[in-house]
Amino acid sequence: MEDVSLPTGIAVRSLRKEDIDAVVEIESEAFSSPWQASTFEGLLDRPGVELIVMTEGARGVIGYAVLWCILDQGELANLALTTSRRGAGLGAHLLRHVLEVARKRGVEKLFLEVRASNERAIELYHGFGFTDVGLRRNYYERPTEDARVMLATLR
Ligand SMILES: CC(C)(COP(=O)(O)OP(=O)(O)OC[C@H]1O[C@@H](n2cnc3c(N)ncnc32)[C@H](O)[C@@H]1OP(=O)(O)O)[C@@H](O)C(=O)NCCC(=O)NCCS
């Protein structure tokens, strides 16, 4: 059976207000048009929104994810890890947790958009059953780039 336990020292939990500064820092490392702290603050306690953080011991927040849920559909709006902790399988652990939360909320179809050049993320999403369902031309700015629209069917 697949080992789904988190590595030692790693935990995943709901985002709290005091995590927002660390999350915004990771967001700024990861995306060229990052969300501001006020955006995350506005999402706290909003029905249908799941804000999830990954922490590592005393270091605190090392990653986060934002999930929207509307009835049986969801959208994975954001998923990122701090630069130094990428490429070690932690993104897969975080995504596995997000999918579990989505399932518990009754999501059956989970959508996401990803930059067409973001091979690591696309590889990760494929590994969790996401498939391509569309392309949004020139969806992203800085730099301009297409978005691949992907969908996973959750059971
Ligand atoms: C995208 C991101 C969250 C991925 O996290 P990560 O920890 O770097 O990635 P991981 O090491 O967990 O996963 C990638 C690997 O998991 C593998 N993988 C795929 N399915 C898997 C599964 N079910 N279980 C474990 N590993 C899996 C992939 O093959 C890939 O392997 P590779 O390193 O050989 O290419 C991270 O790189 C990041 O924060 N990037 C910047 C922000 C970003 O682009 N976010 C996505 C926006 S849509």
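A residue is called buried if 20 or more other C-beta atoms lie within 10 Å of its own, exposed if 12 or fewer do, and partly exposed in between, with C-beta atoms placed from the backbone. By this definition, Ile20, Val23, Ile26 and Glu27 are buried in helix H1. The structure is a predicted model, in which local features need pLDDT of at least 70 and side-chain atom pairs count only at pLDDT 80 or more, while totals for chains, interfaces and linings use all residues. Residues are numbered from 1 along each chain as its sequence is written.

**Overall fold**
- The protein chain has 4 helices and 7 strands, where helices (H or I, at least four residues) and strands (E, at least two) are DSSP runs numbered from the N terminus.
- From the N terminus on, these elements follow the order β-α-α-β-β-β-α-β-α-β-β.
- The radius of gyration of the protein chain is 15 Å, close to the 15 Å that the globule rule gives for 155 residues, so the chain is as compact as a globular protein of that length. This radius is taken over C-alpha atoms, and the rule is 2.2 Å times the number of residues to the power 0.38.
- Of the 155 residues in the protein chain, 26% are buried.

- Leaving aside neighbours within four places in sequence, Val23 is in contact (C-beta atoms, placed from the backbone, within 7 Å) with Leu15, Phe40, Val53, Val61 and Tyr64.

**Surroundings of the ligand**
- The ligand is surrounded by 19 residues, and the closest are Ala30, Arg86, Gly91, Ala92 and Gly127; a residue is near the ligand if its C-beta atom, placed from the backbone, lies within 6 Å of it.
- Helix H4 gives the most to this shell, with 5 residues.

**Asp132**
- Asp132 is found in strand E6 (residues 131-140).
- Asp132 is partly exposed, with 13 other C-beta atoms within 10 Å.
- Leaving aside neighbours within four places in sequence, Asp132 is in contact with Arg148 and Met150.

Notes:
Two residues are in contact if their C-beta atoms, placed from the backbone, lie within 7 Å.
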